[in-house]
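Biologist: Please show me the sequence and the model, and then let us discuss some local features in turn.

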Amino acid sequence: MPPVRMRERGRAKKGTMKRLLKQLFKLYPFHLIISLICLIFNVFGNLSSSVFVSLSTNALTEAGFQHKNPFSDVYEISSTFGFTIYSNVSYLLIILGSIYLVGILASWTWNRTMAIVTQRFMNEFRKSMFSHMEDLPIKYFDTHQHGAIMSLYTNDIDTIRQFISQALPSLIQTGLVSIFVFIIMLMTSVWMTLVVVVGFFIMLGVVKGLGGKSSKYFIKQQAALANVEGNIEESIKGLKVIKVFTHEERSGEEFDKLNEELREYATTANIHANVMMPVMGNIGNFLYILCGIMGALIYVLGWKNLSFTGYVPLKGDPARFAGVIALFLMMSRMFANNVNQFSQQMIFIVMGMAGASRCLDLIDEKPETDEGYVYLCNIKYHEDGTFEESEEHTRDYAWKYRHKDGQLEYRELKGDIVLDKVDFSYDGKRLVLEDVSIYAHPGQKIAFVGATGAGKTTITNLINRFYDIADGKIRYDGININKIKKADLRKSLGMVLQDTNLFTGTVMENIRYGRLDATDEECMEAAKIANAHDFITRLPQGYNTVLSGDGSNLSQGQRQLLSIARAAVADAPVMILDEATSSIDTRTEKLVQIGTDQLMEGRTVFVIAHRLSTVQNSNAIMVLDHGHIIERGNHEDLIAQKGTYYNLYTGAFELE
């Protein structure tokens, strides 16, 4: 099935924020409580500083009217909030400096703690994603672009980081500041507060209009970015093919199309986001002017009882009026700035939730089900023919499982595999295999021949339980493979794929990947079996030569030989060779054939090959066509039948 591109989602899945915050508080409750306390201190400090600036203004103005020294004389400087304060500017400045110092310490602690929490959470979140991804069935990776999956670990994870480190603290701070500021404004003047409330609803409408459109296109931008990265990953991986068939122009056109889509979404999103900031800023400035005009009217008209705290004599008391109006204007400015800041963070909130939703989609993907209870173990034979379980690696294995009555039973692993009337479909609609029956007795070599898409590789995928059959039975030594633990089932199957995959590391480490507890000597012996030892010793550092970029510094044939050596060191009772010699020249193929013959000794082997020369010595050859076995028998029998295999062997037909 072809991989699909990541689809855009109009909004994050419901409950995403609740789920993310729940996990965040579960992991780091202490750090978040400390951050919240520091945040409250920071907000309180900012607000207190504004109040003390107002009091200082009162003090300086009062000193001018009373002809006193504002830095030494103590006098009444405020009774605005229903209580009288006696002080001077010196004390107020000391208190103000202390408040700023506490605010600095609180801000430093809060930002440092949130930085630690954010990075630790990202680390845990990525680990949980990766761990769950490894448990997903092969079908998920066959139906999703690899570049789009990688985008989850880069772009979408980064949006979560921005949400936790920036948007979430800003959201909490905005909420706290808005509540406290609103209370102070109400205590100062109800009528002036009504002006701010009207302005608030206007700003809220702008946020809903421009912010909603911006958020919508930012989400589309993330999905488009994932598609671009998926296309780049495919293009880099298939660059040689693109160049061989001179499809650079077509490849460029496809990239340009996806890149243009990304540009359109990103441009539209940023236009709305960039316009919102100056619009909100100007609304805040206009609100500031209105508050000043309203304050002037209050002073001129001499309105009384304008706050919830009681009588506030303003007319004829310019000193107190200056402090009150200065305080309110600062509060209104702070309120407007908070709404503006919230509108900017809304983008990160929406993007963070969209990114988190996509990441959680991966975590919510149903993992491989494994109801098996039969395990694989190494066994050690005694002279009398009996055996016992061994903790050390041996070439002999057994299945062990516990009966309902608690009795433990061991069954020797012989490699007897039977497919009995198996049906299979990838999409649940069209059968890829239909009524397939195969009998592989211990030590036999079974070959599959047929055109591309006939179902050869599908059979080996079913034996590994990468996919589960729709109907029929697959038995391994008489045991239904559904009852065998998947990890143990796959451990008993050595596999060499047509597409080799090497990892960054030394040659020795890549061979040892087949069995991590293998010694250096066992790895070298496996390389000799695969006839890879000679070319390895000619490498600059021999077995310690570091491979990178999927073994790009080796030829395709050398990479395939290492893949065979990896399977050899796994020392599995059953071997599956899927076009194992497809990338090897004829001379090397003969050497590998000798090695694989040694490797196959005493093992059940399944071979998929287009080169019929590699399957002539098979015990049974299955010729498949559109999911059906149309011919079966050994090489001589099939030649004698003069059917499809005969025509393929003589060159009358060619495999497609």
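Predicted model: local features only at pLDDT ≥ 70, side-chain atom pairs only at ≥ 80, totals over all residues.

Modeller: Residues are numbered from 1 along each chain as its sequence is written, and side-chain values use heavy atoms, with hydrogens and water left out.

Biologist: Is Thr 159 buried or exposed?

Modeller: Thr 159 lies in helix α5, residues 146–188 (helices are DSSP runs of H or I with at least four residues, strands are runs of E with at least two, numbered from the N terminus). Buried means under 20% relative accessible area, exposed over 50%, and partly exposed in between, with a 1.4 Å probe and protein chains only. Because its relative accessible area is 4%, Thr 159 is buried.

Biologist: Which backbone oxygen does the side chain of Thr 159 reach?

Modeller: Contact means heavy atoms within 4.5 Å. Leaving aside neighbours within four places in sequence, Thr 159 is in contact with Gln 222, Met 351, Gly 352 and Gly 355. At 2.5 Å, the side chain of Thr 159 reaches the backbone oxygen of Asp 156.

Biologist: In β4, which residue is the bridge partner of Ile 379?

Modeller: The open sheet of four strands has the order β4-β3-β5-β6 with antiparallel pairing, where two strands pair if DSSP finds at least two bridges between them. Its edge strands, each pairing on one side only, are β4 (387–390) and β6 (408–412). Strand β3 (residues 375–381) pairs with β4 in the antiparallel sense over four bridges. In β4, the bridge partner of Ile 379 is Glu 389.

Biologist: How are α1 and α5 oriented to each other?

Modeller: Helix α1 (residues 16–27) packs with α5 at an angle of about 80°, the axes being 13 Å apart; axes are lines fitted to C-alpha atoms, for helices over the stretch in contact, and angles run from 0 to 180 degrees between N-to-C directions. Angles under 35 degrees count as roughly parallel, over 145 as roughly antiparallel, 65 to 115 as roughly perpendicular and the rest as oblique. In α1, Met 17, Leu 20, Leu 21 and Leu 24 meet Ile 160, Phe 163, Ile 164 and Leu 168 in α5. The two helices α1 and α5 are therefore roughly perpendicular.

Biologist: What does the crossing angle make α13 relative to α15?

Modeller: The axes of helix α13 (residues 520–529) and helix α15 (residues 556–570) come within 8 Å and cross at roughly 125°. Relative to α15, that makes α13 oblique.

Definitions and conventions
Polar contact = N/O pair within 3.5 Å; in protein donor to acceptor, adjacent residues only side chain to side chain.
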